[in-house]
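This report covers helix packing, overall fold and some local backbone features. Please look at the sequence and the structure first.

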Amino acid sequence: MTATRGRGILEVPGVAVGHAGRLTTETLTGVTVVLPPAGSSVGVDVRGGGPATHETDVLSPLAHAYGADALVLTGGSAIGLRSIAGVGQVLAAAGRGFPAPGLPGTVVPIVPGAAIYDLGRGGHPAPPTDAEGAAAARDALTGEQTLVRGSIGVGCGARAGMQTLRSSLGSVSVSVPGGYTVAALVVANPFGTIGTATGRLWAGPLLDEVGWHLPPLPGLPQPEPASGAPATNTTLAIVATDARLDTAQTACLAAGGHPGIARAVRPSHTLADGDTVFSFATGALPLPDDPAEAGATLVALTVAVADAITLAIIDAVAAAAPLDPAGDQPPTLSEIAPDFAEAVAALP
């Protein structure tokens, strides 16, 4: 297996990404929109105890299997889901959506999404608006956006470890035998930590396995267990592959991504998290004709999804941008462990 930061989820052909956000001392929040290629199979799996989601039921294998015209990751908790309305308006104007029966020229965009809790991270609880959702959608429709990590879009206000460390957006792609690609885009905003007070990362064994030999970390900020940290968390992921999968198989990929969160973050999937994984399969490459080979490929794809999410979480925390100290923000890895953050940034 080869893991690559590079263009992250954009390594899967046909995928487009757009962002809008506010990275100021007053407000830290934003929206990220991912456009799957038309005809992609789409799935979702929600595991956290405090999810804020929109239109996830339509992605069930028991639903009509249309898929989705866009997937949205937003800040602002449940209030921030209003940004999805702006995404839908822009897509409808562009003619992207489910054809409305009996209404020629009218489409209904299907736009599932989920939110992290970042309210008040800059001092002002101002969640993303429909205008910002529209801006992110327009950004994605240009097909020119190449940024997939750092303090952009939904990653502007992310934090980790009960808010002791700034985090952001991360993205990693993984090559799978047979020529397939799997990639993950993750906003890491977990209740749990990515490692110990001695600097040991929970994801350490996987980093060694894929050849990410990084400098040792100093002690990571550790929250007080009895601090009663509020439920202001959630890790969200969108995973993509160029394999040809049906809706049920694509949903299984989403389910298989959650161990990737658990391997990078401890604890994960708590009542204070709304951990959600979206998945889509573009269908560019068919599975092998032989049933046994096809089954083995599905297993390999699922393993790669979990690995990509784990690595993207490390990427997200390492890529967070420092802010003006006057903003009273927690530190970034680039501030407390510059050698580590620089080594992650130097990875291909």
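## Contact of α5 with α6

In this predicted model, α5 brings Gln 249, Leu 253, Gly 256, Gly 257, Gly 260, Ile 261, Arg 263 and Ala 264 to its contact with α6.

Two packed helices are described by the angle between their axes and the distance between the axes. Helix α5 spans residues 247-264 and helix α6 spans residues 291-318. Their axes lie 7 Å apart, at an angle of about 40 degrees. The crossing of the two helices is right-handed.

## Contact of α2 with α3

Helix α2, residues 83-93, packs against α3 at an angle of about 45 degrees, and the axes are 6 Å apart. This angle makes α2 oblique to α3. The crossing of α2 and α3 is right-handed.

From α2, the contact is made by Ser 83, Ala 85, Gly 86, Val 87, Val 90 and Leu 91. From α3, the residues are Asp 130, Gly 133, Ala 134, Ala 137, Arg 138 and Leu 141. The contact of α2 with α3 has seven nonpolar, three polar and two charged residues.

## Overall fold

The protein contains eight helices and 15 strands. Along the principal axes, its C-alpha atoms fill a box of roughly 60 × 45 × 35 Å. A compact globule of 348 residues would have a radius of gyration near 20 Å, and the 19 Å of the protein agrees with this.

Of the 348 residues, 58% count as buried. Among contacts between residues at least 6 apart in sequence, 79% join residues at least 24 apart.

Cys 156 is placed in the loop between α3 (130-142) and β10. Its relative accessibility is 2%, so Cys 156 counts as buried.

Which residues does Cys 156 touch, not counting residues up to four places away in sequence? They are Gly 21, Arg 22, Leu 23, Leu 28, Thr 29, Ser 151 and Arg 166. Thr 29 is 127 residues from Cys 156 in sequence, while the C-alpha atoms of the two residues are 5.1 Å apart in space.

## Backbone features

Arg 266 and Pro 267 are joined by a cis peptide bond, with omega about -5 degrees. Pro 267 is found in the loop between α5 and β15 (276-285).

Ser 77 is not a glycine, yet it has a positive phi of about 55 degrees. Ser 77 is found in helix α1, which covers residues 77-80. Is Ser 77 buried or exposed? At 18% relative accessibility, Ser 77 counts as buried, because the cut-off for burial is under 20%. Met 162, also not a glycine, has a positive phi of about 55 degrees. Met 162 is found in the loop between β10 (159-160) and β11 (165-166).

Notes: Residues numbered from 1 in each chain as written. Predicted model: local features only at pLDDT ≥ 70, side-chain atom pairs only at ≥ 80, totals over all residues. Heavy atoms only, no water. Axes fitted to C-alpha atoms, helices over the stretch in contact; angles between N-to-C directions. Helix = DSSP H or I, 4+ residues; strand = E, 2+ residues; numbered from the N terminus. Left-handed = near helix turned anticlockwise from the far one by under 90°. Contact = heavy atoms within 4.5 Å. Rg over C-alpha atoms; globule rule 2.2 N^0.38 Å. Buried < 20%, exposed > 50% of the residue type's maximum accessible area, 1.4 Å probe, protein only. Parallel < 35°, antiparallel > 145°, perpendicular 65-115°, else oblique. Nonpolar A, V, L, I, M, F, W, Y, C, P; charged D, E, K, R; others polar.
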